[in-house]
Amino acid sequence: MKGQVALVTGGSGHLGAAICARLGKEGAHVFVHYHSGAEAAERVVAEIVAQGGSASAIQADVTNAAEIDEMVKSIHAAWGKIDILVNNAGITRDTLFVRMSEADWDAVVDTNLKSAFLCSKAVVRNMLRARYGRIVNVSSIGGFMGAPGQANYSASKSGLWGFTRSLAREVAPRNVTANCVAPGYFGGPMTDTIPAEMVETILRIIPLGRYGEPHELASTVAFLASEDASYITGQILIVDGGIMMY
């Protein structure tokens, strides 16, 4: 990926940081996007630079089209292009459906799904002109399985599957690919909050018997963003330790 430019939304988060680090290791200049976590984003940048890579932090509200357009314009002004877009930004607002407010629904769907539409729209025209681009959307097995208290989250992550496939069909003639990764349970802040009595139950349904490591998801994203995946588009690659086999 030497000489390529990558934008990773939600790049200051746990999984986003791993994705940024891997793309930086592969030689891309990585824009580590953040909304409010400036310090976390700068730490990711510093880690990439310390490993010999190149990176910058960049701020925007990815639910706001005007801010996204400004972010993309600033990247193009500095680097002239965006070769790789990873739509990784995501939040949860878990609560039982009967208690879920419209605000809970909108916040999650706008951040997890609408942002992928807005960011892809902002970069894809230039990718089509360049006849090259890689778009990778980060979904979840929750988009297929569903979970109590996650009607908003599951709907947003399932929506990414259909969005990815429709987009892939449109942009394929110009050598732009769009794919999706659907992670299962990965160690980090989200799994750290799971009650201890539930952890054993979860691990029992994972055939590999453990949580995933962030670098394992990052390597999958890097593959889909690479030349090695040039004949792969419109796919949902499930990275879950085998849960979805059931």
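**A parallel sheet and its surroundings**

Asparagine 175 is found in the loop between helix H6 (151–171) and strand S6, where helices (H or I, at least four residues) and strands (E, at least two) are DSSP runs numbered from the N terminus. Its phi is positive, at about 65°, although asparagine 175 is not a glycine. The structure is a predicted model, in which local features need pLDDT of at least 70 and side-chain atom pairs count only at pLDDT 80 or more, while totals for chains, interfaces and linings use all residues. Residues are numbered from 1 along each chain as its sequence is written, and side-chain values use heavy atoms, with hydrogens and water left out.

**The sheet**

- Seven strands form an open sheet with parallel pairing, in the order S3-S2-S1-S4-S5-S6-S7; two strands are taken to pair if DSSP finds at least two bridges between them.
- Strand S3 (54–59) and strand S7 (236–239) are the edge strands, each of which pairs on one side only.
- On average, and with direction ignored, neighbouring strands of this sheet are turned by 20° against each other; the axes behind such angles are lines fitted to C-alpha atoms, for helices over the stretch in contact, and the angles run from 0 to 180 degrees between N-to-C directions.
- Strand S5 (residues 133–138) and strand S6 (residues 176–183) run parallel and are joined by six bridges, with arginine 134 standing opposite threonine 177 in S6.
- S1 and S2 also pair in the parallel sense, over four bridges, and here valine 8 stands opposite valine 32 in S2.

**Cover on strand S2**

- Six of the six residues of S2 are buried, so this strand is largely enclosed by the rest of the structure; buried means under 20% relative accessible area, exposed means over 50%, and partly exposed lies in between (1.4 Å probe, protein chains only).
- In a regular strand the side chains alternate between the two faces of the sheet.

- Helix H4 (residues 102–130) lies across S4, S5 and S6, and runs at about 170° to S4.
- Isoleucine 19 lies in helix H1 and is buried, with a relative accessible area of 0%.
- Leaving aside neighbours within four places in sequence, isoleucine 19 is in contact with Val8, Val86, Asn88, Val138, Ala218 and Val221, contact meaning heavy atoms within 4.5 Å.
- Isoleucine 19 and isoleucine 68 are 49 residues apart in sequence, and their C-alpha atoms are 20 Å apart in space.

**Backbone at two loop residues**

- Most residues other than glycine have a negative phi, and most peptide bonds are trans.
- Arginine 131, in the loop between H4 and S5, has a positive phi of about 55° although it is not a glycine.
- Arginine 131 counts as partly exposed, at 47% relative accessibility, and asparagine 175 is partly exposed as well, with a relative accessible area of 37%.

**Other loop residues**

- Glutamine 150 has its place in the loop between helix H5 (142–145) and H6, and is buried, with a relative accessible area of 14%.
- Not counting residues up to four places away in sequence, glutamine 150 touches Thr92, Asp94 and Thr95.
- Tyrosine 185 sits in the loop between S6 and helix H7 (189–192), and is partly exposed, with a relative accessible area of 30%.
- The residues that tyrosine 185 touches, not counting those up to four places away in sequence, include Thr191, Ile194, Tyr211 and Ile243.
- Tyrosine 185 and isoleucine 243 are 58 residues apart in sequence and 9.4 Å apart in space, C-alpha to C-alpha.
- Glutamine 51 is found in the loop between helix H2 (38–50) and S3, and counts as exposed, at 59% relative accessibility.
- Between glutamine 51 and arginine 125, which are 74 residues apart in sequence, the C-alpha to C-alpha distance is 32 Å.

**A nonpolar patch**

- Leu96, Phe97 and Val98 make a nonpolar surface patch of about 360 Å²; accessible areas come from the Shrake-Rupley method with a 1.4 Å probe, and for residues only the protein chains shown count as cover.
- Patches are made of residues with over 30% relative accessible area and no salt bridge, with like charges joined within 9 Å and nonpolar side chains (Val, Leu, Ile, Met, Phe, Trp, Tyr) joined within 5 Å; a salt bridge is a side-chain nitrogen of Lys or Arg within 4 Å of a carboxyl oxygen of Asp or Glu.
- Valine 98 lies in the loop between S4 and H4, and counts as exposed, at 75% relative accessibility.
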